[in-house]
Amino acid sequence: MYRIGFSKDIHKLVKGRKLMLAGIHIPFNKGELAHSDGDVIMHAVAEAMLGATTLGDLGTFYPTNDRKYKDIASKEILIDTNKRIHKLKYQIENVDVSVELDKPKLAPYISKMRNNLAKILKVKLDQISIKANTNEGLCVTGKGEAVIAYAIVLLKK
């Protein structure tokens, strides 16, 4: 039995925060404004996993009004989500992520991000795809105001 989950996450970019993508710190003068560390890739992947298993969304398990999750590392969210899907006897077949961000360029970090996601999710590297897209200066990502990640996950029972 196969299940597909899809999710999108967006966070405003502000000065004074670290830019975290797939658990990798990307040197930049802005980072995600969020209740957690704001890692849009990990958030989108985790929520796609939850969606595929009909467990809900991130807010169900990590409400932003709960102080215990303030500044939580998104890695912890993804690890917990992975445990939840394994309890339901699902395993990841593949993860495909697209990130929208004009600056900084992400190409030098894609390999590290893929490796880190594979390690956290306990899957092979060839089960993880991450692509970086620009918006040619258009919309919030093109103007440097936000970062967006889209994730689709295929699970097998």
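This short report walks through the core, a helix pair and some paired strands of a predicted model.

## The nonpolar core

Let's start on the inside. The largest nonpolar core contains 45 residues, and those with the most contacts inside it are Leu-21, Ile-41, Val-45 and Ile-130. Helix α1, which covers residues 40-52, gives the most to this core, with 10 residues.

Leaving aside its neighbours within four places in sequence, Leu-21 is in contact with Ile-26, Glu-32, Asp-39, Val-40, Ile-41, Leu-101, Leu-106, Met-113 and Val-147. One of these partners, Ile-41, is also listed among the residues with the most contacts inside the core.

Now look at helix α3 (residues 74-87) and helix α4 (residues 110-121). Their axes lie 9 Å apart, and the two helices pack at an angle of about 45°. The helices α3 and α4 are therefore oblique to each other.

Which residues make the contact? On α3 they are Lys-75, Leu-78, Ile-79 and Asn-82, while α4 brings Leu-117, Ile-120 and Leu-121. Sorted by kind, the residues of this contact are 5 nonpolar, 1 polar and 1 charged.

## Strand β7 and its partners

Finally, follow strand β7 (residues 146-156). Strand β1 (residues 2-14) runs antiparallel to β7, and 11 bridges join them. Strand β5 (residues 91-100) is also antiparallel to β7, joined to it by 9 bridges.

Tyr-150 in β7 is a handy residue to look for here. Lys-8 stands opposite Tyr-150, and Tyr-150 is also the bridge partner of Ser-98.

Note on methods. Residues are numbered from 1 along each chain as its sequence is written. This is a predicted model: local features need pLDDT of at least 70, side-chain atom pairs count only at pLDDT 80 or more; totals for chains, interfaces and linings use all residues. Side-chain values use heavy atoms; hydrogens and water are left out. A nonpolar core is a set of buried Ala, Val, Leu, Ile, Met, Phe, Trp, Tyr and Cys residues joined through side-chain atoms within 4.5 Å. Buried means under 20% relative accessible area, exposed over 50%, partly exposed in between (1.4 Å probe, protein chains only). Helices (H or I, at least four residues) and strands (E, at least two) are DSSP runs, numbered from the N terminus. Contact means heavy atoms within 4.5 Å. Axes are lines fitted to C-alpha atoms, for helices over the stretch in contact, and angles run from 0 to 180 degrees between N-to-C directions. Angles under 35 degrees count as roughly parallel, over 145 as roughly antiparallel, 65 to 115 as roughly perpendicular and the rest as oblique. Ala, Val, Leu, Ile, Met, Phe, Trp, Tyr, Cys and Pro count as nonpolar, Asp, Glu, Lys and Arg as charged, and the others, Gly among them, as polar. Two strands pair if DSSP finds at least two bridges between them.
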